[in-house]
Amino acid sequence: MDRVTSTAPDPLPDPYALRPRLPTPLQEIDDAPFTRRGVRLLLKRDDLIHPELPGNKWRKLAPNLRAAAAAGERVLLTFGGAYSNHLRATAAAGRLLGFGTVGVVRGDELAGAPLNPSLARCAADGMRLHFIDRPRYRRRADPDLLAELGDRFGTFRLIPEGGSNALAAQGCTELGRELRGAADTVAVACGTGGTLAGLAAGLGPGQRALGFPVLKGGRPHFLQEAVEELQRAAFGGPRGTWQLEDRFHCGGYARRTPELDVFAAAFEARHGFPLERVYVAKLLYGLTTLAEEGAFAPGSTVAAVITGMP
């Protein structure tokens, strides 16, 4: 079932016409689990890049949007779940820049149900929503399924689930460059791996990137392999020093534990800084636990990339 049709007017502007805030601010906070061990904590405020395309959404989408505009492609098609921030960002980009957008949503049972707030925002931004069952959704890279979608929606620029492809990884290298010399460890929450792949490539010598997966994963090492493949596609091979810390997914995507909620509430009370729960809270929970375990050397600096706000 489809909802909402959008047309793409001429001309298609460059995404930098939206005036992103670059470089994003770097904010130091005094947080006891870090300071009592002699470790500085910095927040890289990528959530402030743009009010409707925050954080890694901007960095991953911008090069894909520029490529689509250069090729004269008028429609963006992408994939996501019912609460996907990536779908929302793609829909917003389409509205702001004049692209038509199609969101292929996991779960055909949602087709006849009222739209949740996330999907309602996508529809309000002009995205055409197309619901498919979960077995077909798992085949989202299958050429036959993509051909079916082409027959239905016409020519489109394909942007993968989560926005992670070679162009996205290349776009995220600037995040690493903005942090060169600022921290020994730069940490980011990971969904599909594109931000980590580019971040690590952009950092300087002696720096490392640390990724915190927010998905539980269906098989071992799937995200490790995804980041490696993204770096091969984007840069021709491995770039930078990076690793994954997979203890803090809290049960999987959008899942929470009482421990995570207690941590997030305490952090918010200490700093007056609201934590987005799907990505950012898990990132800071993981970093705080590592700091308490002595994982960071006294005198070192840790930067946490804040990719979104509640």
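Let me start with the way helix α3 passes helix α4, which in this predicted model is a left-handed crossing. Helix α3 covers residues 85-97 and helix α4 covers residues 117-124, and their axes come within 8 Å of each other while crossing at roughly 15°. Because that angle is under 35 degrees, α3 counts as roughly parallel to α4.

If you look at who makes this contact, α3 contributes Leu87, Arg88 and Ala91, while α4 contributes Ser118, Leu119, Arg121 and Cys122. Sorted by class, the contact of α3 with α4 holds four nonpolar residues, two charged ones and one that is polar.

Now please turn to a second pair of helices, α7, which runs over residues 166-178, and α9, which runs over residues 222-235. How do their axes cross, and within what distance do they come? The axes of α7 and α9 come within 8 Å and cross at roughly 85°, and since angles from 65 to 115 degrees count as roughly perpendicular, that is the description that applies to α7 and α9.

On the α7 side you will find Ala166, Ala169, Gln170 and Thr173, and these meet Leu230, Ala233, Ala234 and Phe235 on the α9 side. The make-up of this contact of α7 with α9 is six nonpolar residues and two polar ones, with no charged residue.

Is Gly103 buried or exposed? Its relative accessibility is 0%, and because buried means under 20%, Gly103 counts as buried.

As for its surroundings, leaving aside residues up to four places away in sequence, Gly103 touches Thr78, Leu87, Met127, Arg128, Leu129 and His130.

Finally, let me step back to the whole protein, which has 11 helices and 11 strands. Its radius of gyration is 19 Å, close to the 19 Å that the globule rule gives for 310 residues, so the protein is as compact as a globular protein of that length. Along the principal axes, the C-alpha trace spans about 60 × 40 × 35 Å. Of the 310 residues, 54% count as buried, and among contacts with a separation of 6 or more, 74% are between residues 24 or more positions apart.

Key. Residues are numbered from 1 along each chain as its sequence is written. This is a predicted model: local features need pLDDT of at least 70, side-chain atom pairs count only at pLDDT 80 or more; totals for chains, interfaces and linings use all residues. Side-chain values use heavy atoms; hydrogens and water are left out. Axes are lines fitted to C-alpha atoms, for helices over the stretch in contact, and angles run from 0 to 180 degrees between N-to-C directions. Helices (H or I, at least four residues) and strands (E, at least two) are DSSP runs, numbered from the N terminus. Angles under 35 degrees count as roughly parallel, over 145 as roughly antiparallel, 65 to 115 as roughly perpendicular and the rest as oblique. A crossing is left-handed if the near helix is turned anticlockwise from the far one by less than a right angle, and right-handed if clockwise. Contact means heavy atoms within 4.5 Å. Ala, Val, Leu, Ile, Met, Phe, Trp, Tyr, Cys and Pro count as nonpolar, Asp, Glu, Lys and Arg as charged, and the others, Gly among them, as polar. Buried means under 20% relative accessible area, exposed over 50%, partly exposed in between (1.4 Å probe, protein chains only). The radius of gyration is taken over C-alpha atoms; the globule rule is 2.2 Å times the number of residues to the power 0.38.
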